[in-house]
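Trainee: I have not looked at this one before. Can you take me through it?
Mentor: Open it up and ask as you go.
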Amino acid sequence: MFAERTNWNLAPNRLSEALAAHRAAGKPLLDLTVSNPTQCGFQYDGPAILESLSNPAALTYEPNPNGLESARRAVAGYYAARRDDVSLEDILLTTSTSEAYSYVFRTLCNPGDELLIPQPGYPLLDFLADIQDVRLVRYPLVYFEGDPKAANDHGWRIDFRSLEQAITPRTRGVVVVHPNNPTGNFAKAPEMAKLNDICSAREIAIIADEVFLDFSLEENPRASFATNAGALTFTMSGLSKICGLPQMKAAWLVVGGPAQWKREALARLEVIADTFLSINAPVQLAIPVLLEQRHAFQKQLMSRVRRNLTELDRQLAGQNACTRLAVEGGWYAVLRVPAARPDEDLAMDLLAKKGLYLHPGHFYDFPSDGYLIVSLITKEAIFSQAITELLESLT
Ligand SMILES: Cc1ncc(COP(=O)(O)O)c(C=O)c1O
């Protein structure tokens with residue numbers, strides 16, 4: 001009766017089952033997987049947010065496939081504040097970055113066509129690809145242990161040799177998560193240039209997910225793909241992470257690249273967007289106010305990330321069973337732990353013995369055992385206690 005594409009194995013895995021049982025038993029939990037910014041104790045300007053949603057203009061329906069001009073102007077303003085010149089005509093509003101991905105997949109791919117995605121990476125893409133009949137092919141990010149002070153040989157890099165080998169006649173694009181979740185690495189200028197060379201030569205697209213772009217540990221803003229011109233480029237972001245407002249369901253897509261490809265892509269995307277007209281009027285009208293919330297939100301979030309990283313490093317300095325990998329930005333840190341047993345067994349054990357919940361590396365498609373992921377947006381007191389418990393268990 002059902003389509004093969006929805007024939008998923010929906011049985012909960014043993015870690016999520018154990019977590020549900022732990023919660024049901026009312027046992028205390030130290031959760032190092034938190035990702036919902038609205039439940040992390042950040043202060044929001046509640047009155048301004050709620051007032052922005054009651055604009056009387058929302059009583060009139062003005063369908064526009066690309067989204068209301070006032071909202072797109074605010075998105076262009078977001079880029080202008082980073083000194084990126086993005087035109088209103090190149091912006092399309094969507095309800096989420098996930099929806100933006102699905103529009104792009106539909107625009108580029110026939111059933112069975114392929115997109116390259118980074119490994120390790122965020123698990124969201126597998127379901128999106130299944131739903132759109134797209135095949136995902138992994139390209140590795142590799143970690144270099146070099147001198148921490150020499151940015152060139154320390155940290156995560158795209159393995160371009162493997163990326164190029166993964167390209168087939170069915171490849172329609174390369175997904176870059178900038179910075180990647182959970183490894184926290186940004187694409188550097190030479191990597192962006194190389195991606196442009198590879199993608200333009202083969203007439204395939206770059207799909208840049210920039211939901212964490214603003215969360216850099218460097219003071220200067222990181223370059224965005226929104227103004228990339230070397231290859232057809234779809235850049236996505238939204239309020240969910242940028243402003244810590246996932247419940248508003250507002251995101252966008254910027255199309256860039258060589259004029260002919262860009263025109264064609266925008267025309268096709270407009271038909272998809274016009275078919276759904278999915279983003280509602282009150283939220284579109286609120287976008288200028290909601291986007292302004294990012295300043296106060298990002299300040300709080302980055303201050304927490306920095307404090308948690310400092311605390312993590314302080315505790316790590318007192319032992320040698322666990323180290324952390326370099327973090328350039330984003331909301332997560334990757335810990336390297338002894339790979340004596342599968343990461344999932346370790347995570348099960350930590351939950352049972354310490355009430356500690358962490359994601360094992362395989363959740364993010366790490367190719368080997370020995371990795372745990374911790375959320376740096378966890379409240380400081382919980383984070384510190386959880387790291388103490390973790391290190392006690394490992395040593
Ligand atoms: C890398 C990345 N992209 C996209 C999303 C989804 O964003 P949205 O809420 O806009 O769909 C997430 C959510 O965690 C994410 O981590």
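Trainee: What share of the 395 residues is buried?
Mentor: In this predicted model, buried residues make up 53% of the 395 in the protein.

Trainee: And how many helices and strands are there?
Mentor: The protein has 13 helices and 14 strands. Its radius of gyration is 21 Å, close to the 21 Å from the globule rule for 395 residues, so the protein is as compact as a globular protein of that length.

Trainee: What does the C-alpha trace span along the principal axes?
Mentor: About 60 × 55 × 55 Å.

Trainee: Which part of the contacts joins residues 24 or more positions apart?
Mentor: Such pairs account for 73% of the contacts with a separation of 6 or more.

Trainee: Switching to the surface, how much of it belongs to carbon and sulfur atoms?
Mentor: Those atoms hold 53% of an accessible surface of about 18100 Å².

Trainee: Now a single residue. Where does Thr107 lie?
Mentor: Thr107 is in helix H4, which covers residues 97-108.

Trainee: Is Thr107 buried or exposed, and why?
Mentor: Thr107 counts as buried because its relative accessibility is 16%, and buried means under 20%.

Trainee: What does the side chain of Thr107 have by the backbone oxygen of Tyr103?
Mentor: A polar atom of that side chain lies 2.7 Å from the Tyr103 oxygen.

Trainee: Which residues does Thr107 touch beyond four places away in sequence?
Mentor: Thr107 touches Ala265, Arg268, Leu269 and Ile272.

Key:
Residues are numbered from 1 along each chain as its sequence is written. This is a predicted model: local features need pLDDT of at least 70, side-chain atom pairs count only at pLDDT 80 or more; totals for chains, interfaces and linings use all residues. Side-chain values use heavy atoms; hydrogens and water are left out. Helices (H or I, at least four residues) and strands (E, at least two) are DSSP runs, numbered from the N terminus. The radius of gyration is taken over C-alpha atoms; the globule rule is 2.2 Å times the number of residues to the power 0.38. Buried means under 20% relative accessible area, exposed over 50%, partly exposed in between (1.4 Å probe, protein chains only). Contact means heavy atoms within 4.5 Å. Accessible areas come from the Shrake-Rupley method with a 1.4 Å probe; for residues, only the protein chains shown count as cover. A polar contact is a pair of N or O atoms within 3.5 Å; within protein, one must be able to donate a hydrogen and the other to accept it, and residues adjacent in sequence count only if both atoms are side-chain atoms.
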